[in-house]
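Here is a short briefing on a single protein model. Keep the sequence and the coordinates open while you read.

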Amino acid sequence: MAFWLLKTEPSTYSYGDLEREPEKTTRWDGVRNATALQHIRAMQPRDNCVIYHSGDQRQAVGLATVTTPTYADPEAGDPRWAVVDVRAERRVEPPVTLATLKASPVFAESPLVRISRLSVVPLTEAQFRLIAG
């Protein structure tokens with residue numbers, strides 16, 4: 001089992017939107033960065049995810065689980081654009097801010113703080129546990 005952080009702009013698609021989906025499940029699409037796509041392709045069913053609101057919020061707000069193997073985005077028209085389906089599990093209460101994560105030695109070498117524009121970030125189990133509580 002692996003651990004991932006998935007960034008989303010809450011004004012475009014929020015954790016609350018995921019919670020309102022039928023069966024609390026959605027296709028995680030829109031990833032175009034080559035490195036982030038490599039991470040999407042590495043995802044497996046039952047991997048754990050942190051949903052992170054970027055933009056003005058900059059905080060981890062919810063947990064999700066990957067429910068499908070990686071597949072080509074059926075709406076992209078390009079087989080290079082990979083997606084997975086994720087299911088909402090629970091909110092992170094209180095949300096964990098980027099400032100809190102940056103202050104933790106556990107995140108010192110994380111791509112989350114080193115490559116801030118990356119939309120899919122691998123996490124260690126310790127990093128996931130820090131966020132998930």
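P94 sits in strand β6; strands (E, at least two residues) and helices (H or I, at least four) are DSSP runs, numbered from the N terminus. The model is predicted: local features need pLDDT of at least 70, side-chain atom pairs count only at pLDDT 80 or more, and totals for chains, interfaces and linings use all residues. Residues are numbered from 1 along each chain as its sequence is written, and side-chain values use heavy atoms, with hydrogens and water left out.

**Strand pairing** (two strands pair if DSSP finds at least two bridges between them)

- β4 and β6 are antiparallel partners, joined over seven bridges. Within this topic, V66 has V86 as its bridge partner in β6.
- Strand β2 (residues 25-28) also pairs with β6 in the antiparallel sense, over four bridges. T25 has R87 as its bridge partner in β6.
- Strand β5 (residues 71-72) pairs with β6 over two bridges, again antiparallel. A72 has A82 as its bridge partner in β6.

**Nonpolar core**

- The largest nonpolar core holds 40 residues, and W28, V86 and I131 touch the most other members. Such a core is a set of buried Ala, Val, Leu, Ile, Met, Phe, Trp, Tyr and Cys residues joined through side-chain atoms within 4.5 Å.
- Strand β6 (residues 82-97) supplies the largest share of this core, six residues.
- Residues up to four places away in sequence aside, V86 touches L6, L18, K24, T25, T26, W28, C49, A64, T65, V66 and T67. Contact means heavy atoms within 4.5 Å.
- In soluble globular proteins, nonpolar side chains tend to be buried together.

**Loop residues**

- V31 lies in the loop between β2 and α2 (34-42). V31 is buried, at a relative accessible area of 3%. Buried means under 20% relative accessible area, exposed over 50%, and partly exposed in between (1.4 Å probe, protein chains only).
- Beyond its neighbours within four places in sequence, V31 contacts A36, L37, I40, W81, S119 and V120.
- V31 and E93 are 62 residues apart in sequence, and their C-alpha atoms are 27 Å apart in space.
- S54 lies in the loop between β3 (48-53) and β4 (59-66). S54 is buried, with a relative accessible area of 18%. Neighbours within four places in sequence aside, S54 contacts T8, E9 and P10.

**Backbone geometry**

- E93 and P94 are joined by a cis peptide bond, with omega about -10°.
- R46, in the loop between α2 and β3, has a positive phi near 80°. R46 is exposed, with a relative accessible area of 64%.
- R58, in the loop between β3 and β4, has a positive phi near 50°.
- Most residues other than glycine have a negative phi, and most peptide bonds are trans.

**Largest pocket**

- The largest pocket has about 640 Å³ of space. Of its 24 lining residues, K7, T8, E9, S54 and S119 are the closest to its centre.
- β1 (3-8), β2, α3 (98-103) and α4 (111-114) are the elements that give two or more residues to the lining. β2 gives the most, with three.
- On a 1 Å grid over the protein atoms alone, a pocket is an open set of points where a 1.4 Å probe fits, with protein on both sides within 12 Å along at least five of seven lines; lining residues have an atom within 4 Å of a point. Grid points are joined across faces, edges and corners, and the volume is the space filled by probe spheres set on the points.
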